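Here are my notes from going through the model you sent over.

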Amino acid sequence: MPRYESVLELIGNTPVVDVSALSPKPNVAILAKLEGRNPAGSVKDRVALSLIEAAEQDGRLIPGRSGQTLIEPSSGNTGIALAMVCRLRGYHLKVVLPTNVSPERRQLLLAFGAEIIDSPGSEGSNGAVRLAQSLSEANPEWVFLYQYANPANPLVHYQTTGPEILADVPEITHFVAGLGTSGTLMGVGKYLKEHRPEVQIWAVEPPSGEMVDGLRSLDDGYVPPIFTDNDGEHLLDRKVIVRPRESIEWTRRLTEVGLFVGLSSGAAMAGAVKCALTIDDTDAATIVTIIADDGWKYLSTGAWSDDIDDVVERAKATIYF
Amino acid sequence: MAAVLRIPTVLRPAMGGESVIAVEGSTVGEVLLKLTTTYPAIKGQLLNEDGTLHRFLNVYVNDDDVRYLGGVEASVTNNDEITLLPAVAGGVW
């Protein structure tokens with residue numbers, strides 16, 4: 001086994017595992033890239049390191065200087081990943097977090113020394129973004145990395161996740177991933193389209209707009225600048241909704257192939273299955289999907305053990321995605 | 001053609017408080033245009049002046065985003081389920 005000088009060297013180069021046993025069609029293979037194997041537990045480790053290194057390169061952050069503060073809105077994984085990197089680099093991190101995320105996320109943030117600033121749960125991630133923006137304006141000395149607009153987010157997926165996928169699965173025909181900041185889809189999608197233009201890029205979305213009751217009008221809506229900057233509407237071939245029930249069902253089904261994953265990964269797998277169902281019986285296809293994180297942070301949801309109707313009801317009031 | 005339309009919370013006050021209604025039209029554009037005739041208050045919330053979809057409105061036919069199925073030209077058939085959702089920031093991903 002290689003020996004590493006820093007845990008940061010463990011970020012990326014995640015394994016791909018064949019989960020075709022769950023494919024609805026024998027002619028369609030489904031492969032899952034296990035991003036939960038990153039050291040702070042999610043795909044966001046790649047993004048966090050990329051955002052911080054970009055800020056260090058452009059001089060907004062200076063390694064070793066004391067008293068530097070960062071602020072970032074996050075529903076969990078980006079905050080946790082940033083907290084881990086900041087702990088190693090000596091930066092102070094303030095995470096704007098909706099009140100209705102799972103308690104494990106709050107605990108992990110605190111474990112890595114981050115400070116939590118609560119934003120209203122009813123406003124979802126939109127509310128966290130808005131509050132972080134206003135706090136950043138009021139405190140210009142804080143470094144605001146803003147993952148939703150920072151090109152270092154899709155860039156790291158273009159430079160690492162995309163090449164890893166093509167190297168490990170050269171026969172890929174479809175890429176299916178969750179849409180949040182859109183960083184994974186824009187970065188991997190751009191890389192795959194450049195090298196294999198025929199690969200179809202599918203986005204999976206939770207219907208979170210249904211649950212965000214803090215929205216006063218549609219004009220309070222939000223499209224991540226990264227999505228617009230990368231011409232996401234043309235890069236994507238398809239975008240589908242996956243409902244909370246389907247997400248939980250597929251989170252459970254993934255245990256049949258030995259995978260204990262987060263609820264957004266259940267949603268991504270549900271999207272991969274929807275994608276498989278569109279493929280003709282006579283065509284061979286290989287779908288790659290992203291397992292964004294493992295299940296540990298979601299144990300308090302009862303997702304694997306409670307009655308599914310109860311879990312679905314709770315999911316409507318909690319941000320799991 | 002009768003299809004079912006699911007209305008998001010944010011649009012319900014201007015649409016009689018309903019969450020689900022039956023709608024007519026053979027394309028998404030036709031359905032939305034008819035809605036703006038019935039509920040003039042939501043006109044600027046659904047379509048732009050040029051007839052394209054409002055930037056912060058996502059429209060799904062049977063859970064498929066119509067922006068990738070031809071936009072307002074996407075076809076609607078009997079018993080389809082149309083869902084309107086505001087575009088909001090995602091979470092963990």
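What radius of gyration would a compact globule with 321 residues have, and what does chain A have?

1. Bear in mind that this is a predicted model. On the question above: a compact globule with 321 residues would have a radius of gyration near 20 Å, and chain A comes in at 19 Å, which agrees. Its C-alpha trace spans about 60 × 45 × 40 Å along the principal axes.

2. Chain A is built from 11 helices and 10 strands. Of its 321 residues, 55% count as buried. Among contacts in chain A with a separation of 6 or more, 73% are between residues 24 or more positions apart.

3. Chain A is divided into domain 1 (7-37 + 160-315) and domain 2 (44-144). Note that domain 1 comes in two stretches of sequence, 7-37 and 160-315. The C-alpha centres of domain 1 and domain 2 of chain A lie 24 Å apart.

4. Where the two domains of chain A meet, 20 residues of domain 1 are in contact with 19 residues of domain 2. The domain 1 side of that contact has 8 nonpolar, 8 polar and 4 charged residues.

5. Now for the inside. The largest nonpolar core has 117 residues. Those with the most contacts inside this core are A:F175, A:V176, A:A177, A:V204, A:A268, A:A272 and A:I287. Helix 10 (residues 263-277) of chain A gives the most to the core, with 9 residues. The core also draws at least three residues from each of domain 1 and domain 2 of chain A. As background, nonpolar side chains in soluble globular proteins tend to be buried together.

6. Which residues is A:A177 in contact with, leaving aside its neighbours within four places in sequence? They are A:T184, A:L185, A:V188, A:A203, A:V204, A:A268, A:T289 and A:I290. Of these, A:V204 and A:A268 are also on the list of residues with the most contacts inside the largest nonpolar core.

7. Then there is chain B, with 2 helices and 5 strands. From the N terminus on, its elements run β-β-α-α-β-β-β. The radius of gyration of chain B is 12 Å, close to the 12 Å that the globule rule gives for 93 residues, so chain B is as compact as a globular protein of that length. The C-alpha atoms of chain B fill a box of roughly 40 × 30 × 25 Å along the principal axes.

8. Finally, burial and contacts in chain B. Of its 93 residues, 41% count as buried. Residues 24 or more positions apart account for 50% of the chain B contacts with a separation of 6 or more.

Terms used:
Residues are numbered from 1 along each chain as its sequence is written. Chains are lettered from A and ligands numbered from 1 in the order in which they are written. This is a predicted model: local features need pLDDT of at least 70, side-chain atom pairs count only at pLDDT 80 or more; totals for chains, interfaces and linings use all residues. Domain bounds come from an automatic or database domain assignment. Two residues are in contact if their C-beta atoms, placed from the backbone, lie within 7 Å. Ala, Val, Leu, Ile, Met, Phe, Trp, Tyr, Cys and Pro count as nonpolar, Asp, Glu, Lys and Arg as charged, and the others, Gly among them, as polar. Helices (H or I, at least four residues) and strands (E, at least two) are DSSP runs, numbered from the N terminus. The radius of gyration is taken over C-alpha atoms; the globule rule is 2.2 Å times the number of residues to the power 0.38. A residue is buried if 20 or more other C-beta atoms lie within 10 Å of its own, exposed if 12 or fewer, and partly exposed in between; C-beta atoms are placed from the backbone. A nonpolar core is a set of buried Ala, Val, Leu, Ile, Met, Phe, Trp, Tyr and Cys residues joined through C-beta atoms within 7 Å.
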